[in-house]
There are 2 protein chains.
Amino acid sequence: MAQATIGNSEFDRDTAVVRRAPGIYDAHLSAGWTIIQAVNGGYLLALMGRALGDALPHPDPFSVTAHYLTASVPGPAVIRTEVVRTGRTMSTGTARLIQFAEDGTEIERLRVLAAYGDLGALPDDVRTTAKPPALPPYEHCLGAEAAPGGRPAISGSTAITERLALRLDPATAGWAVGAPSGKGEMRAWFGLADGREADPLSLLLTVDALPPTAFDLGLSGWVPTVELTAHIRHRPAPGPLRVAVTTRNLAGGFLEEDAEVWDSQDRLVAQSRQLARTVLHG
Amino acid sequence: MAQATIGNSEFDRDTAVVRRAPGIYDAHLSAGWTIIQAVNGGYLLALMGRALGDALPHPDPFSVTAHYLTASVPGPAVIRTEVVRTGRTMSTGTARLIQFAEDGTEIERLRVLAAYGDLGALPDDVRTTAKPPALPPYEHCLGAEAAPGGRPAISGSTAITERLALRLDPATAGWAVGAPSGKGEMRAWFGLADGREADPLSLLLTVDALPPTAFDLGLSGWVPTVELTAHIRHRPAPGPLRVAVTTRNLAGGFLEEDAEVWDSQDRLVAQSRQLARTVLHG
């Protein structure tokens, strides 16, 4: 298989949108980014980000908030965007992801509110006190093939695992063999399986690609996202990314997941936080 | 002065909204919550939260995202809400804050996207690994009256300081005397000056009420918020709140501010993150 590139990869094809009218885009939710039957939230975020990047005058997502309203299903969809404000250095827009019931009724899946800018136009100052996560070398981390019994349990179970080069820190993978750490942490090396390098758009996928931190807290079952906000802070350098996700407050049936994404140059390229619900097993 | 109560306080009067038509509210932005000439972002968030609490079938803000589009000014305003989705346990809506130019042109100030629910209906489970901030006792922290030269420099400069009972940890107040710690932290005791207790709505004010962490990094000048997302996680118990705000990534002219609000029962009642720009002095 030839090395995929930005613009010519499975991720790019599956997040493609076709402008049907000003601000309105046709899309197709691929079955290739599902976990069990759910379409991955980060994949949907990237798809919406693609449409907004076309609808707004600035190229890069700076802050993207998505509310997950109903469960998306693979198949056709429409994205309707609205330009809220256009400024010199930043612009703001909304996007709605719509699918259709058998009788033609519109069902809204996602509502997005986002600010776009130009990462290439930012000054070079860096004063980051955060440190990259301490991850074991890539080859000592665990891929899906390392899961017990050959089941690809590490990153959920299904199609998306084939598209991600995800290598979990063994210290945060104990849940896969019934020994969660109880700390609420997930850390992993991240890449796309076809070798496509990261860009601001794929970072929207990356922030929601690891297994739920709830697994490391000993919970099982579904952890649906209510709301996710991602800040893209810098264009990622080529090479594998490091992702650290932490939960510090699981209470009242809700938890936050804070994600950081670091590139190969030790730049903090993305920060995200989501509010998710814990849905008990069975 | 009689003790103010929830529903009968300056905060409640200044965030009051009057329903003019279904989903449309008249409001008045009070000059009492300004810093220099800017209307405080947390006050605006609470005002929008008030309108959405009326427009949506659930009472409490769970996740509220605001994009600050243009600078609000004290005076009349209109809030237009839209119900995006209504579910059994949660509902989702948007709100727009509109002011008017002299010629009558509409100017949008804020765009909000929010999920509401019922905090009182959540289960009692608490598994919080985060710890409350280590703050010196209230009487050892610094109020506005402690500012050098009698200037109320601690919490900015103006009207809002009279309405807040804000006591800054001396360890994060060095910037007021030209000796910032360089860590990007702010910690404070927080209350409303008239004694009104906290509730989910006032927590939306609390998350954006401390001086900018940029001051503790040695920057001066304006730090306008691009986007702020607040998660309200529990009804606050009576008594003073503790707030800790941290910045870990100041780069490319942008920074995040992460805030935590803890109540007198050591419950983490709110978490927020904002993306702000640094606008250099002069």
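Me: How much area is buried between chain A and chain B, and what share of that area do carbon and sulfur atoms give?

Reply: Buried area is the accessible area (1.4 Å probe) that two parts lose on being put together, summed over both. Between chain A and chain B, that comes to about 4600 Å², with 51% from carbon and sulfur atoms. In chain A, the residues that lose the most area to chain B are Arg127(A), Arg233(A) and Arg248(A), together 16% of what that side buries.

Me: Before I go on, what should I know about the model and its numbering?

Reply: This is a predicted model, where local features need pLDDT of at least 70 and side-chain atom pairs count only at pLDDT 80 or more, while totals for chains, interfaces and linings use all residues. Residues are numbered from 1 along each chain as its sequence is written, chains are lettered from A and ligands numbered from 1 in the order in which they are written, and side-chain values use heavy atoms, with hydrogens and water left out.

Me: How many residues of chain A are in contact with chain B?

Reply: Contact means heavy atoms within 4.5 Å. Here 52 residues of chain A are in contact with 53 residues of chain B.

Me: And how do I read salt bridges; how many are there between chain A and chain B?

Reply: Side chains of opposite charge can pair when their charged atoms come close. The rule asks for a side-chain nitrogen of Lys or Arg within 4 Å of a carboxyl oxygen of Asp or Glu. Between chain A and chain B the count is eight, and over all chains it comes to 36. One salt bridge joins Asp258(A) and Arg273(B), with the closest N and O atoms 3.7 Å apart. That pair runs from strand E15 (residues 254-262) of chain A to strand E16 (residues 268-277) of chain B; strands (E, at least two residues) and helices (H or I, at least four) are DSSP runs, numbered from the N terminus. Arg111(A) and Glu82(B) also meet in a salt bridge, at 3.1 Å from N to O.

Me: Now inside chain A: which domains is it divided into?

Reply: Domain bounds come from an automatic or database domain assignment. Chain A has domain 1 (10-119) and domain 2 (143-277), with 21 Å between their centres, taken over C-alpha atoms. Between these two domains, about 2400 Å² is buried, 59% of it given by carbon and sulfur atoms. On the domain 1 side, Phe11(A), Trp33(A) and Leu119(A) lose the most area to domain 2, together 22% of what that side buries.

Me: How many residues of domain 1 touch domain 2 in chain A, and how many salt bridges link them?

Reply: 29 residues of domain 1 are in contact with 28 of domain 2, and the salt bridge count between the two is three.

Me: What does UniProt list for residues 30-101 of chain A?

Reply: UniProt positions are given in the numbering used here, feature names are shortened, and annotations may be inferred rather than shown by experiment. The unreviewed UniProt entry lists "domain: Acyl-CoA thioesterase-like N-terminal HotDog" for residues 30-101 of chain A. Over that stretch the chain is 21% helix and 49% strand, and the end C-alpha atoms are 18 Å apart.
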